[in-house]
Amino acid sequence: MIKVDLQKKIERVCVSLGIERKVTLEHPQELTHGDFATSIALSAAKDLKRNPEELAETIAGKIRELKDESIKDVSVAAPGFINITLTQKTLYRELSRVLESGEKYGQNSLHLGKKILVEHSSPNLFKPFHIGHLMNNAIGEATTRIVKNTGADTTVISYPSDISLGIAKAIWVIMQKGGVQWVEKYTGTLLDIQNFISEAGPMYVEGTKAYDESEQVQKEVREIANKLYNKDINSDEYKIFNACKELNLAYFAFITERLGSNFDGFIFESETGPIGKQLVQDNIPRVFTESEAAVIYDGEKRGLHTRVFINKDGNPTYEAKDLGLLKLKFNTYSPDISVFVTDHEQGPYFKVVSTAAGEINKDWQEKTKHLTHGRMTFKGAKMSSRLGGVPTAEEVLNTIKEVAKEKFTERSVGMDIDTFADMVAIAALKFSILKVAPGKPVNFDPEEALSFEGDSGPYVQYTYVRTRALLEKGAVLNIFPQAIETYVASDVERVLYRFEEVALQAAEGYAPHHIAHYLLEVAQAFNTWYAQEKVIDENNRELSAHRLAIAGAVGTVLKNGLNLLGIETPERM
RNA sequence: CCUCCGAUAGUUCAAUGGAUAGAACGAGAGCCUUCUAAGCUCUUAAUGCAGGUUCGAUUCCUGCUCGGAGGACCA
């Protein structure tokens, strides 16, 4: 990587001058200042009791003496910045490298040889996959791809909630509607699965209403819950539960695949309960204590708050289940890093669980990385919903998709219009989620996402398509991308080589938004250049070939970058 | 009441302690007989308040104001 090479060279120069500090390089906001800048002279001046600008001159002089072929110019700016401009040759080489590397460009080896487990998109079976899951999925999928890009051996799982009182309520409703017969009418076809979901979605709400209104219902629901917990496999209720679980999982596979995700496995909540309970009991009184007939973790002694792990009925709470989940994750996959994504509401809660877990096995705490995202809120939303204001994932996607469909025709995009519209809609949605720093709430403005203008996924897609159109036109004229060293580098090349730095930065901080913002920067640099230059000029085939190389490289970087975000790129639009 | 998180143009978002705080939307003025105008160019406008650390603070520390989340048997 250009940055790392340069950093090492400057560090060596500094050591020779008696400066033992880490040299940090950044890109000046103004390209006219150079490609890299360092403030090493400013921070080291005090140690050496020297004037910062003088010291900067000294360091700059030493760098010039290297006569390094990648460094074109070194200059000093007040109050002591050292600015470095790269040579044309370096930019030319990097441009060639982008074209040669293709889809491999941007990879790094940050986690090479390590095993990383990612858990995301964990659904509540029997409850709809809603807008919040879209957010979780977008972040989880992007994180997965960014982590894979570091060379890690990556496994992706989901943790469906498949057993709870709420599910017993839904099954109670099904019993009223015909029980086993009702569920058996749904086969495994996609249409059936979707019909099932749309019928079953409101049952959770319906069951809760009945439960709250009648003591008789409460009694019946608890009986159902017991049959589920005790795995009474011959009961009608358990058969319904199993059939519904399968249909729900089929739907989960359908919707996550539509979003571009695949899972290597599941850990179910019904598995983690017993394991978690056992773990808690095995660690009394070393970690947990009994209090008011329940088993708790006394977090207050550690500056946190106290949490119940086993309730007074002897059942494991969510806390204990999460312990069981941790154990299963580490025993099954033995990851070096285990990442999972949840709503930020669970932040303080998980801190307690994590601290308790660390007292049982410190790996469970130290190797786990919790990523959170804020709530997705709507601004001026006008999407219909059957579920008390929370739109389902499909409702959101389809609304955006319809708008996309109106703007294009099958002939202009050269592919099935439905597939295409889905690609653009998902890009719009994912990009609006991923351009925001992790942990912060996303204010989703449907109007903005639907406009497809400005800082949006479709804008980046559109820019990619432009590069493809150029390459196609070039091919017709028998002109192909070929980087040529003698042409003065444009601002586009000076942005392109940063992709590797950004992909690494995103991986280190589990922060996909760095990639999103970088892609906008590349797209903008390219579009500006495109508006100024005529790329293909039949009278100057050599220059055209060089410019096509730039266009091709931009296309590669945009495509690879979008891919890291889990966004597909159409070839025409 | 306690704990944690946040506060940046009119709006939605950026900015490993660095230079003149960047984009996009909105508003205003331009650019298609030339490769895709979902584009490009120019103008407009911001670090909640008060201190502190530092050569240098949107960033770190303290207090305040406002907003969000969490705080014993839900998940």
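**Exercise 1.** Determine how the residues of the surface near RNA strand B divide by class, and which elements contribute to that surface.

*Solution.* In this predicted model, local features need pLDDT of at least 70 and side-chain atom pairs count only at pLDDT 80 or more, whereas totals for chains, interfaces and linings use all residues. Residues are numbered from 1 along each chain as its sequence is written, and chains are lettered from A and ligands numbered from 1 in the order in which they are written.

Begin with the neighbours: 68 residues surround RNA strand B, the closest being Ala37, Ala294, Asn311, Ala437 and Gly454, where a residue is near if its C-beta atom, placed from the backbone, lies within 6 Å of the strand. Elements that give two or more residues include α2 (40-48), β8 (294-297) and α20 (457-476); helices (H or I, at least four residues) and strands (E, at least two) are DSSP runs, numbered from the N terminus. The classes come to 32 nonpolar, 21 polar and 15 charged, with Ala, Val, Leu, Ile, Met, Phe, Trp, Tyr, Cys and Pro as nonpolar, Asp, Glu, Lys and Arg as charged, and the others, Gly among them, as polar.

**Exercise 2.** Describe how helix α5 and helix α18 cross.

*Solution.* The axes of α5 (residues 131-148) and α18 (residues 417-434), lines fitted to C-alpha atoms over the stretch in contact, come within 10 Å and cross at roughly 80 degrees. The two helices are therefore roughly perpendicular, a term for angles of 65 to 115 degrees. By class, their contact (C-beta atoms within 7 Å) has eight nonpolar, no polar and one charged residues.

Notes: Axes are lines fitted to C-alpha atoms, for helices over the stretch in contact, and angles run from 0 to 180 degrees between N-to-C directions. Angles under 35 degrees count as roughly parallel, over 145 as roughly antiparallel, 65 to 115 as roughly perpendicular and the rest as oblique.
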